Each structure stands twice: as structure tokens, then as C-alpha cells.
Amino acid sequence: MAGLAGRFARRWCSGLLGSPLQVPALGLHVLGPAMLASQKDFNNAVSQVKLLKEDPGNEVKLKLYALYKQATEGPCNVPKPGMLDFINKTKWDAWNALGSLSKEAARQNYVDLVSRLSASSESPSPEAPAADRKQPESDSLVVTSEDGITTIRLNRPAKKNALTTQMYHDIIAALQAASKDESAITVLTGSGDYYCSGNDLTNFTHLPAGGLEEMARSAAALLRDFVNCFIDFPKPLVAVVNGPAVGISVTILGLFDVVYATDRASFHTPFSHLGQSPEGCSSYTFPKIMGSSKAAEMLLFGKKLTAQEACAQGLVTEVFPDGTFQKEVWARLKAYSKLPPNAMRISKQIIRNREKEKLHAVNAEESSVLRERWQSDECMNAIASFLSRKAKL
Ligand SMILES: CCCC/C=C/CC(=O)SCCNC(=O)CCNC(=O)[C@H](O)C(C)(C)COP(=O)(O)OP(=O)(O)OC[C@H]1O[C@@H](n2cnc3c(N)ncnc32)[C@H](O)[C@@H]1OP(=O)(O)O
């Protein structure tokens, strides 16, 4: 693995939590609001972090890091790392943002935060009724069934519905459940102003023990499983594209039966910019849908299409004015959902079945090419640029 990728992997692996994880495990005391946490409580909390069942995510890890530094060293008084040293700069910013917060208050905040994290990551007690148990989908995905339509809604509007690793798993589970439920039609849509900004680029920073190579291997396996679910989905699958779409949320549209878009939507596959290559079977479906040269402009050069252009090229079924988009689309889908479900399934099978074997082969090849790409300097540099906020689409 070449220079930057290796450095990136090692530095991220050494982690946002760093030294706090080295302390031996002890129990955690919950303190009353009037008391300030003792050094022992703090040490316990530091150990407790190690026992969390769920990864709390980078934002929380940064907060923990900053509070730890403030509690152990006091206000940040080390020089600010350079612009290009983006991981250390992010950590420095988080610590520095705590200003003159006292060591004792930082210790207390750290203990409180760990206490909340521990409580929320605890599994339900054996007595808890089934309805109170955690649902399979995370908060970032909302699945509802009504009027013969199962709707899978991406629900991370603050992050433009970027897909976390957990969301890929949850979408797979939601599609598997929808394929067997009573609904006639399944819809994928987004909350907020975006449909989806594609793969969450911070997924690449959660490096497992096996490092970058293992990360690329497991991401490729997940990608393959994810796309296979769309290839095999047995009922009419409709995308309700409520805003701009990027990356994998665009490429899989070739596997949907119908795509409705607001006139605010755009369709962008910036794979070369990201040092990556096409997925979602788009290397096969896009040339078929729009011809090889239009497909190349999108997939090689990252040309962004407007909703009208995507419709003219056959990727989108119909475009609606944004003001009436939701009303018109859902009225239409409700009417379609009353059609005989078995007839729709069988018709879909006839239309799609002869292509399935080919699509599975394309998916396998695209996933394996990406596995290599994700370990390349081109890709690591692009992700590092995005994370350091120097690059946006
Ligand atoms: C395991 C399977 C892997 C499959 C691989 C698939 C490949 C792809 O999908 S490639 C496409 C990857 N996506 C991108 O490159 C998009 C990156 N995002 C952007 O360029 C911009 O955020 C935007 C053009 C989508 C939106 O710009 P805008 O100025 O309107 O909003 P922001 O302030 O940038 O975004 C708000 C907030 O959301 C975060 N965010 C947005 N998209 C992503 C993303 N893809 N990954 C991670 N985070 C994302 C953005 O950082 C902002 O966060 P903060 O508010 O915390 O700064």
C-alpha cells in the first residue's frame, strides 16, 4: 500500500480515542447532579468506553477525545497542526473548542457522556416486552407500510442521507422483509432536501484490525450483497427521487422498475473524481439505458445530469414540479398499488429474469474492481480531501 493511504490508515487507526482505551476495565458509577466526578469515576468511565457494544461514531469519539484531553491536561495549549494534517487538526479543533473549561468540569462531562453511551448501548433486559426491543433498522432508515406500499426512507437529512455501513445492512434487511410482506409496491426515497449523497465517505475511516485491505474486502462483500438485493427484488420497485442523488444512489436506479424525480433532482456519479469505479451494475445498465457515449460521460467524466436530462436519457421515468411532486407521485403510486399484486410480480419476472444472471456477474466484477480501487492512493487522496473539507462535488 502506497504512502498516503498507509499514513491515513495508521493515523486513523491510532484513533480518536487513543490513550483513553489503555486503562484497565472497571465498573461505572452514576453520579448525582450536585457532585463532581472523582478521579476514580473518571478512570472507570475511561475503561467503560472500551466496553461499549456499538461504535459511537466519529463525532462522539471526537467529543470524548476533547473532554479526555481537557480533563487530563487542561485547556489546549499545543500548536495547531498544519492544514494538511487533517486528523490531528480535527482533534485539536475539538479540544481547543472547550476553551477554559476546568479539568473537573471536563472530567464530569466525560463521565456523563460515557454513562449515556453505556445506557443506550445496553441490550434490552430479558423482561422487556418484544415491542420495546430495538427494531432492526437504525434511526437513519424509516420503514413504513401503508395502502399497499412499503416505503424505505433514508433519514439522515443533516448528512444529505449519505449511506453508513449500518444503513446498507438495514436496507438489505428492509428489502428482504418487503419482498415477503403484503405490500404490492416498494418505494425508496429520502428525507429532507437530498435524495442521497451516496456512500458516506467516513465509512472508509472506520478501519478494522486488518487495516485497509480488510476494510476493502468487507466493503466489497457488503456492496455485492446490497446490489444483489436490488437485482433479485421480486416486486415493483420505485425510486421517489426527492432531491439531488449522488454515487451509488444513482447507479442502482438502473435496477429499479420506475424512477420518479422532482425537477430539483440531479444525478451525479463522480467516480473518477473519487479515484473509484462504477457500481450498482451501472457499467452494464447505463450503456443499455442511454447508449455507451452518454453513459461514459456520466461514469468516466462525472457529468451531472439535471432531472430533465436524466429523463430524456431514460434513467428517469417522469419529472414533476417540486411544488406538487409528493402529492402527484403518491397519488399515482396509491392507484398502482391497487393493481393485482401477483400479476405485477409475474410481469416483473418476465421483464427482468433473463437479465439476472448477467447482472449478478456484473455486480461481482464491479465489486471486485472496487475492492482494489479502495486501496489505491487516488481513492485515499480523494477521501482525505473531502474529510479535510477541501473538496466538494
Ligand atoms: C459499501 C458500499 C460502498 C459503495 C460505494 C459507493 C460509491 C459512492 O457512492 S461515491 C459518492 C460519494 N459521495 C460523495 O462524494 C458526496 C460527498 N458530498 C459532497 O460533495 C457534498 O456534501 C454534497 C455536494 C453532497 C452536498 O454539499 P452541500 O454544500 O449542499 O452540503 P454539505 O455541507 O457538504 O453537507 C452537509 C453535511 O453532510 C455531510 N455529507 C454529505 N455527503 C456526505 C457523504 N457522502 N459522506 C459523508 N458526509 C457527507 C457533509 O460532510 C456535511 O457534514 P457536516 O455538517 O458535519 O460538515
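1. In this predicted model, Tyr260 is in contact, once its neighbours within four places in sequence are left aside, with Val238, Ala239, Val240, Val241, Thr317, Glu318, Phe320, Phe325, Val329, Arg332, Leu333 and Tyr336. The residue belongs to strand E6, which covers residues 258-262. With a relative accessible area of 3%, Tyr260 counts as buried, because that value falls under the 20% limit. Tyr260 and Leu188 are separated by 72 residues in sequence, while their C-alpha atoms lie 11 Å apart in space.

2. Strand E6 takes its place in an open sheet of 6 strands, ordered E1-E2-E3-E4-E6-E9, in which the pairing is mixed. Strand E1 (141-146) and strand E9 (318-320) form the edges, and each has a single partner strand, so one side of each is left without a neighbour in the sheet. On average, and with direction ignored, neighbouring strands here are turned by 20° against each other.

3. Within this sheet, strand E3 (residues 185-190) and strand E4 (residues 237-241) run parallel and are joined by 4 bridges. In this pair Thr189 stands opposite Val240 of E4, and Val240 is also one of the residues in contact with Tyr260.

4. Helix H6 packs on the sheet, where it touches E1, strand E2 (149-154), E3 and E4, and the direction of H6 makes about 180° with that of E2.

5. Helix H6 (residues 165-180) also meets helix H7 (residues 211-232): their axes come within 10 Å and cross at roughly 30°. Since angles under 35 degrees are classed in this way, H6 and H7 are therefore roughly parallel to each other, and H6 passes H7 in a left-handed crossing. On the H6 side the contact is made by Thr165, Tyr168, His169, Ile171, Ile172, Leu175 and Gln176, and on the H7 side by Leu222, Asp225, Phe226, Cys229 and Phe230. By residue class, this contact of H6 with H7 comprises 8 nonpolar, 3 polar and 1 charged.

6. Strand E7 (residues 266-268) and E8 run antiparallel and are joined by 2 bridges, with Phe267 standing opposite Leu305 in E8.

How values were computed
Residues are numbered from 1 along each chain as its sequence is written. This is a predicted model: local features need pLDDT of at least 70, side-chain atom pairs count only at pLDDT 80 or more; totals for chains, interfaces and linings use all residues. Side-chain values use heavy atoms; hydrogens and water are left out. Axes are lines fitted to C-alpha atoms, for helices over the stretch in contact, and angles run from 0 to 180 degrees between N-to-C directions. Angles under 35 degrees count as roughly parallel, over 145 as roughly antiparallel, 65 to 115 as roughly perpendicular and the rest as oblique. A crossing is left-handed if the near helix is turned anticlockwise from the far one by less than a right angle, and right-handed if clockwise. Contact means heavy atoms within 4.5 Å. Ala, Val, Leu, Ile, Met, Phe, Trp, Tyr, Cys and Pro count as nonpolar, Asp, Glu, Lys and Arg as charged, and the others, Gly among them, as polar. Two strands pair if DSSP finds at least two bridges between them. Buried means under 20% relative accessible area, exposed over 50%, partly exposed in between (1.4 Å probe, protein chains only).
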